[in-house]
Amino acid sequence: NSNMVEPSTQGIINSLNNCLKGTEIKSKEISFVYWHGTGTALNDKSEGEAAKIFFDGKVPCGASTKGSLGHTMGASSGFNILAACHTILTGKLLPTARLNNLAFDFMNLSNQLRTIPTEIGLCVALGFGGINTSLVIKKEYE
C-alpha cells in the first residue's frame with residue numbers, strides 16, 4: 001500500500017500466508033486469533049476483510065489486547081503474544097475490552113472471557129508502511 005498509515009487487506013493476507021508457509025498448519029486448524037485490533041475504521045475494515053478471505057468465511061474466535069492496554073507501540077504485538085501463550089496454557093481467550101460495535105461480528109470477538117479449545121493460535125501485528133507480521137503458536141505435548 002502506498003499510504004504510510006493505511007492498512008492493506010492484501011498486506012495482512014500476505015503476512016498470514018507467509019506465517020503458515022513451510023508449516024503443515026492449515027488456516028482451518030487455527031483455534032483463535034489475537035488481532036492487531038486498533039479499533040480504527042480503516043484497520044478494522046482491513047483486518048475484517050483479510051480475516052474473511054484467509055479463513056474462507058469461517059473466522060475462529062478472536063481477541064485483541066489493545067482495548068485494555070492501549071496502543072503501546074511496538075510492545076503491543078508482544079502483549080498479544082503473551083496473551084496467546086496464556087490462552088494456549090489455560091484455554092481462556094481474553095476479552096476484548098471496550099468492544100462496543102460489532103460491525104464485524106463474523107470475527108468472533110467478545111468482551112467476555114471465553115473458554116475455548118486451544119491447539120493453535122495466531123497473532124497479527126501491523127506496522128507503519130506495511131511492516132506486517134503474523135506468528136503461529138502451537139501447543140506441544142510431551
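Analyst: A residue is called buried when its relative accessible area is under 20%, exposed when it is over 50%, and partly exposed in between. In this predicted model, buried residues make up 40% of the 142 residues in the chain.

User: What makes the phi of aspartate 56 worth a remark?

Analyst: Most residues other than glycine have a negative phi. Aspartate 56, which is not glycine, has a positive phi near 50°. Asparagine 108 also has a positive phi, near 55°, and lies in the loop between β3 (92-93) and β4 (114-115).

User: Which term applies to asparagine 108: buried, partly exposed or exposed?

Analyst: The value for asparagine 108 is 30% relative accessibility.

User: How do you know that the length of α2 agrees with what a helix should span?

Analyst: The expected span is 1.5 Å times one less than the number of residues. For the 14 residues of α2 this gives 20 Å, and the end C-alpha atoms are 20 Å apart, so the two values agree. The buried residues of α2 include Asn43, Glu47, Ala50 and Phe54, and the buried residues of this helix pack against α1 and β5.

User: What is the pattern of helices and strands along the chain?

Analyst: The chain has four helices and six strands. Read along the sequence, they follow the pattern α-β-α-β-α-α-β-β-β-β.

User: What makes β1 and β2 a pair?

Analyst: Two strands pair if at least two bridges are found between them. Strand β1 (residues 32-34) and β2 have three bridges, in the parallel sense, so they meet the requirement for a pair. Within this pair, tyrosine 34 stands opposite alanine 63 in β2.

User: Why are β2 and β6 called edge strands?

Analyst: The open sheet of four strands has the order β2-β1-β5-β6, with mixed pairing. Strands β2 and β6 (133-138) each pair on one side only, and they are the edge strands. From one strand to the next, the twist averages 20°. Helix α1 (residues 9-20) packs on the sheet, where it touches β5 (120-125) and β6, and its direction makes about 40° with that of β6.

User: What makes a group of residues a nonpolar core, and which members of the largest one touch the most others?

Analyst: The members must be buried, must belong to a set of residue types that includes Val, Leu, Ile and Phe, and must be joined through side-chain atoms within 4.5 Å. The largest nonpolar core has 19 residues, of which Ile30, Val33, Trp35, Phe54, Phe55, Leu122 and Val124 touch the most other members. The elements giving two or more residues to this core are α1, α2 and β5. Its largest share, five residues, comes from α1.

User: Which residues does leucine 122 contact, leaving aside its neighbours within four places in sequence?

Analyst: Contact requires heavy atoms within 4.5 Å. On that basis leucine 122 is in contact with several residues, among them Leu16, Ile30, Phe54 and Val136. A second, separate core of 10 residues includes Ala83, Ala84, Leu93 and Ile116.

Key
Residues numbered from 1 in each chain as written. Predicted model: local features only at pLDDT ≥ 70, side-chain atom pairs only at ≥ 80, totals over all residues. Heavy atoms only, no water. Buried < 20%, exposed > 50% of the residue type's maximum accessible area, 1.4 Å probe, protein only. Axes fitted to C-alpha atoms, helices over the stretch in contact; angles between N-to-C directions.
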